[in-house]
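This report describes one protein chain, moving from a single residue to the fold around it. Please keep the sequence and the structure in view while reading.

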Amino acid sequence: MQWGCASTPEGEPVHGKDEVVSFLAAKDGRKVVVAAEKYHYVFDGDPSVAALLRWSGRTKVTPSLNGELKVARNNSFEGSYTLVAFDADLTPEDRTFLIQTGFAKTDMKYGDRTGPALRYFGTVYGTRYAAAPLKPADTLDFSRSFLIRYVEQETATGPAAQPAPSPLIYADGGKLLVGGVPMFIVQGGTDYRCRARFMDICFYK
């Protein structure tokens, strides 16, 4: 699930990182924005992630990004992630919900934990845009830095295309929108003990 970084005839891959300043999602979880200092990463939420964002037991699931985002020269990106929930943390109702959501039973070691678990592999596809300023009220006060790591391919004669302006805009009433869809800050990320993360960002209160 890790992205390879082999060079191509067009040029050498370029690795970078971008510090996250906010994490936003539509209420149904189907439109997601990771706002960072350099870029805004916009993608349609995986249906399973959308269901988890609405689930009261979401703190029992630990998501993590697998490796770097792979960014094409047109600023589209692709990445993979894993969601894990250990049986010891789950009720029978939790297990039923997660299996219906697409999780599969497994035995695994994750961090310092070992045992029966439910696991889900997912892929995100989206577009990277140039960052636009956010109001302080729409940023998150993380207890430590959260980074998006990416690898992008340059051409032999020049850099990748410049990203388009961010589609994350403020409506007249001050509400953040993407394509007319209201976006809400997904609170969290200031607690070191946070166990529910997507792309290494805590997404629960």
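Lys109 is found in strand 6, which covers residues 104-110. In this predicted model, Lys109 has a relative accessibility of 58% and therefore counts as exposed, the cut-off being over 50%.

The protein as a whole has 205 residues, of which 48% count as buried. Its secondary structure comes to two helices and 14 strands. Among contacts between residues at least 6 apart in sequence, 68% join residues at least 24 apart.

Strand 2 consists of residues 31-36. Five of its six residues are buried, so strand 2 is largely enclosed by the rest of the structure. Strands of a sheet pair through backbone hydrogen bonds, either parallel or antiparallel. Strand 2 runs antiparallel to strand 1 (residues 13-25) and antiparallel to strand 3 (residues 39-44). The table lists these pairings together with that of strand 10 (residues 176-178) and strand 11.

| Strand pair | Sense | Bridges |
|---|---|---|
| Strand 1 and strand 2 | antiparallel | five |
| Strand 2 and strand 3 | antiparallel | five |
| Strand 10 and strand 11 | antiparallel | two |

Individual bridges can be located within these pairs. Leu24 has Val33 of strand 2 as its bridge partner, while Ala35 is partnered by His40 of strand 3. The hairpin of strand 1 and strand 2 has five residues between the strands, and Gly29 in this hairpin takes a positive phi near 75°. Strand 2 and strand 3 are also joined by a hairpin, here through two residues.

In soluble globular proteins, nonpolar side chains tend to be buried together. Here the largest nonpolar core contains 44 residues, and those touching the most other members are Leu24, Tyr41, Val61, Leu98, Phe103, Leu168 and Met183. Which strand provides the largest share of this core? Strand 2 does, with five residues.

Met183 illustrates how separate parts of the chain meet. Leaving aside its neighbours within four places in sequence, Met183 is in contact with residues including Leu24, Ala25, Ala26, Val32 and Val33, and also with Leu168, Leu176 and Leu177. Lys31 and Lys175 are among its contacts as well.

Three strands form an open sheet in the order 9-10-11, with antiparallel pairing. Strand 9 (168-170) and strand 11 (181-182) stand at the edges; each has a single partner strand, so one side of each is left without a neighbour in the sheet. Within the pair formed by strand 10 and strand 11, the bridge partner of Leu177 in strand 11 is Pro182.

**The two helices**

The axes of helix 1 (residues 47-54) and helix 2 (residues 92-101) come within 10 Å and cross at roughly 155°. Since angles over 145 degrees count as roughly antiparallel, helix 1 is roughly antiparallel to helix 2. Helix 1 makes the contact through Ser48, Ala51 and Leu52, and helix 2 through Phe97, Leu98 and Thr101. These residues divide into four nonpolar, two polar and no charged. One of them, Leu98, was named above among the core residues that touch the most other members.

Note on methods: Residues numbered from 1 in each chain as written. Predicted model: local features only at pLDDT ≥ 70, side-chain atom pairs only at ≥ 80, totals over all residues. Heavy atoms only, no water. Axes fitted to C-alpha atoms, helices over the stretch in contact; angles between N-to-C directions. Helix = DSSP H or I, 4+ residues; strand = E, 2+ residues; numbered from the N terminus. Parallel < 35°, antiparallel > 145°, perpendicular 65-115°, else oblique. Contact = heavy atoms within 4.5 Å. Nonpolar A, V, L, I, M, F, W, Y, C, P; charged D, E, K, R; others polar. Buried < 20%, exposed > 50% of the residue type's maximum accessible area, 1.4 Å probe, protein only. Core = buried A, V, L, I, M, F, W, Y, C linked by side-chain atoms within 4.5 Å. Pairing = 2+ DSSP bridges.
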